[in-house]
Amino acid sequence: MPRILYVTDLAYEARGRRYGDEDIFLTARLREDFDLALCNPRDAAALMDAFDAVVIRNSGPVLTHQEAYDAFRERALATGARVYNPLSGQADMAGKQYLLDLAAAGYPVIPTVDRADDLHRLPDADRYVVKPKLGADSMGLRIVSAAEVGAFATGDVLVQPCVDFAYEVSFYFVDHDFQYALYAPHPDRRWQLEPYEATADDLDFARRFIDWNTLDHGIQRVDACRAPDGELLLVELEDLNPYLSLDVLDDAARDAFVAALKASLHRFLSRG
């Protein structure tokens, strides 16, 4: 059977999410099709050569092990190692610059700028969200007043108005295939999720970003918010190690996701 090195940090504590439980479940199911070993992200570069592919899952924000991740990425690119998700992702995998690029290209994204000179492009708001371009898991995020925001817009952060949205919703894809959607009906409780019945328009919205990212293989999560006018706006495109909230799904939906992931990995491993 193909050998997979599954990168996870089972001890990482994420607010509202149980990384370890999710990866224990997934690895138990993947062992039905693959020879599999787990390792911490700090050990991936040293171990990867003995495996047919490296699967990056709930390994925590790269910022908590940046040096180890950079060494792993450099070695993987140099040796042509198979990494899932592939390291060519253009979204969160590469930082938050893509939100500025997508907004400039006319995609439906939360209004975003990075410099004080561009603040006039944002809708007027009493409060603004400021977050690092190389941020994750709300690290470094702050809420500032309209009077303060100019001092923070220094080019190395993203600035967005505090949007009065109805709810956040996430769409989960394996390769380019939609799997399920979940939403947080209470805006102040981001990780209290419930199943969401995605409409055709919702899926058209989400697929625009999946198509833009051009990843042929891998798991992606499109996070969006429902604006006051009913429009969906992109919050984040997670293409490195998106948490899947599998515990919210029923058995049939979980089984369907596992089947899709296994099929994707088999295709990934068999490519030329």
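## Contacts and basis

Contact here means heavy atoms within 4.5 Å. Among contacts in the protein between residues at least 6 apart in sequence, 69% join residues at least 24 apart.

The model is predicted: local features need pLDDT of at least 70, side-chain atom pairs count only at pLDDT 80 or more, and totals for chains, interfaces and linings use all residues. Residues are numbered from 1 along each chain as its sequence is written, and side-chain values use heavy atoms, with hydrogens and water left out.

## Overall build

The protein has 7 helices and 13 strands, where helices (H or I, at least four residues) and strands (E, at least two) are DSSP runs numbered from the N terminus. Its radius of gyration is 19 Å, close to the 19 Å that the globule rule gives for 272 residues, so the protein is as compact as a globular protein of that length. The radius is taken over C-alpha atoms, and the rule is 2.2 Å times the number of residues to the power 0.38.

Along the principal axes, the C-alpha atoms fill a box of roughly 60 × 40 × 35 Å. Of the 272 residues, 51% count as buried; buried means under 20% relative accessible area, exposed over 50%, and partly exposed in between (1.4 Å probe, protein chains only).

## Glutamate 197

Glutamate 197 sits in the loop between β11 (194–195) and α6 (200–213). This residue is exposed, with a relative accessible area of 73%. From C-alpha to C-alpha, glutamate 197 and alanine 181 are 6.8 Å apart in space and 16 residues apart in sequence.
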